[in-house]
Amino acid sequence: MTHFSSQSFADVRFLTSIFDLRDLPPPAIPEIAFAGRSNVGKSSLLNRLIKRRNLVKTSSRPGKTQSLNYFQVDTCFYLVDLPGYGYARVSKKMQAAWQDLITRYLETRENLRCVVVIVDLRHELKAADLQLVTWLRQTGVPFILVYTKADKLSANQRSKNAAALDAGFGVKTAERLVFSARTGMGRDNLLHALDSFLL
Ligand SMILES: Nc1nc2c(ncn2[C@@H]2O[C@H](COP(=O)(O)OP(=O)(O)O)[C@@H](O)[C@H]2O)c(=O)[nH]1
Ligand SMILES: [Mg+2]
């Protein structure tokens, strides 16, 4: 059994894009989902995690990923890139459809072990992120918060912003980590955290 902390992702492959939950792969192996606002750096985080340059397509054009994108790591688990939320320039109807898809997925997916909620360390607490975290708590879905794009801030600003976000989300230091897809900062911590959900 391969675990995250082995850090060897011998075989990571794109499996499928899901637009309809009836098409989800069989829940035969555990999965970890990655959620966040559009353009937060979700795909970049995934690529850094699996050490693939651009297996997960990144884009400077927000609001692009509209499907659940499945990646399979060896025969052991799935990583799921969820559609980004909170992109103002898509219609309200479209946003509602996305939210409905994600909510139903998170509520019903039996092999889902953890949701990685990714937020931008540079920004103040956003309502949509707090809403998701609150909902995950209420629903009882395990999650971990990742504050990303840390390379864009000084060490001082990092701790200041992280403390403000901690207070806003109501999390302890152990329930979140600081990350950078650009430098790889926080990667090991994230691997260890995810490992504990896969055991
Ligand atoms: N400096 C820096 N830029 C990042 C980081 N993560 C993502 N980006 C940039 O942010 C933009 C959006 O990234 P992407 O991964 O496509 O975001 P997604 O929409 O959440 O999947 C791209 O231009 C990335 O290069 C990071 O940790 N540091
Ligand atoms: Mg993306």
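Student: Why is Gln-157 called partly exposed?
Tutor: Gln-157 has 13 C-beta neighbours inside 10 Å. A residue is buried with 20 or more other C-beta atoms within 10 Å of its own, exposed with 12 or fewer, and partly exposed in between, the C-beta atoms being placed from the backbone. The value of 13 lies between those limits, so Gln-157 counts as partly exposed. This is a predicted model, in which local features need pLDDT of at least 70 and side-chain atom pairs count only at pLDDT 80 or more, while totals for chains, interfaces and linings use all residues. Residues are numbered from 1 along each chain as its sequence is written, and chains are lettered from A and ligands numbered from 1 in the order in which they are written.

Student: Where does Gln-157 lie?
Tutor: Gln-157 belongs to helix H4, residues 155-169. Helices (DSSP runs of H or I, at least four residues) and strands (runs of E, at least two) are numbered from the N terminus. The C-alpha atom of Gln-157 is separated by 9.2 Å from that of Leu-121, a residue 36 positions away along the chain.

Student: How many helices and strands are there in the protein?
Tutor: The protein has five helices and seven strands. From the N terminus, the order is β-β-α-β-β-α-β-α-β-α-β-α.

Student: How do you know that strands E2 and E5 pair?
Tutor: DSSP must find at least two bridges between two strands. E2 (residues 31-36) and E5 share six, in the parallel sense, so they meet the rule. Glu-31 stands opposite Leu-112 in E5. On to E6 (residues 143-148): six bridges join this strand to E5, again parallel, with Asp-120 partnered by Thr-148. E2 also pairs in parallel with E4 (residues 77-81) over four bridges, where Phe-34 has Asp-81 as its partner.

Student: What makes E1 and E7 edge strands?
Tutor: The seven strands form an open, mixed sheet in the order E1-E3-E4-E2-E5-E6-E7. E1 (12-18) and E7 (176-178) each have a single partner strand, so one side of each is left without a neighbour in the sheet.

Student: Which strands make a right-handed β-α-β unit with helix H3?
Tutor: E5 and E6, with H3 (residues 127-139) between them in the unit. With the strands pointing away from the viewer, right-handed means that the path from the first strand over the helix to the second runs clockwise.

Student: And what makes E5 mostly covered?
Tutor: Eight of the nine residues of E5 (residues 112-120) are buried.

Student: Why is helix H1 said to be largely enclosed?
Tutor: Seven of the nine residues of H1 (residues 42-50) are buried, so the rest of the structure largely encloses this helix. Among them are Lys-42, Leu-45 and Arg-48. Their cover includes E2, E4, E5, E6 and H5.

Student: What makes the phi of Asn-39 stand out?
Tutor: Most residues other than glycine have a negative phi. Asn-39 is not a glycine, yet its phi is positive, near 75 degrees. Asn-39 sits in the loop between E2 and H1, and with 18 other C-beta atoms within 10 Å, Asn-39 is partly exposed. Asp-74, also not a glycine, has a positive phi of about 45 degrees. Asp-74 is in the loop between E3 (68-73) and E4, and its 14 other C-beta atoms within 10 Å make Asp-74 partly exposed.

Terms used
Two residues are in contact if their C-beta atoms, placed from the backbone, lie within 7 Å.
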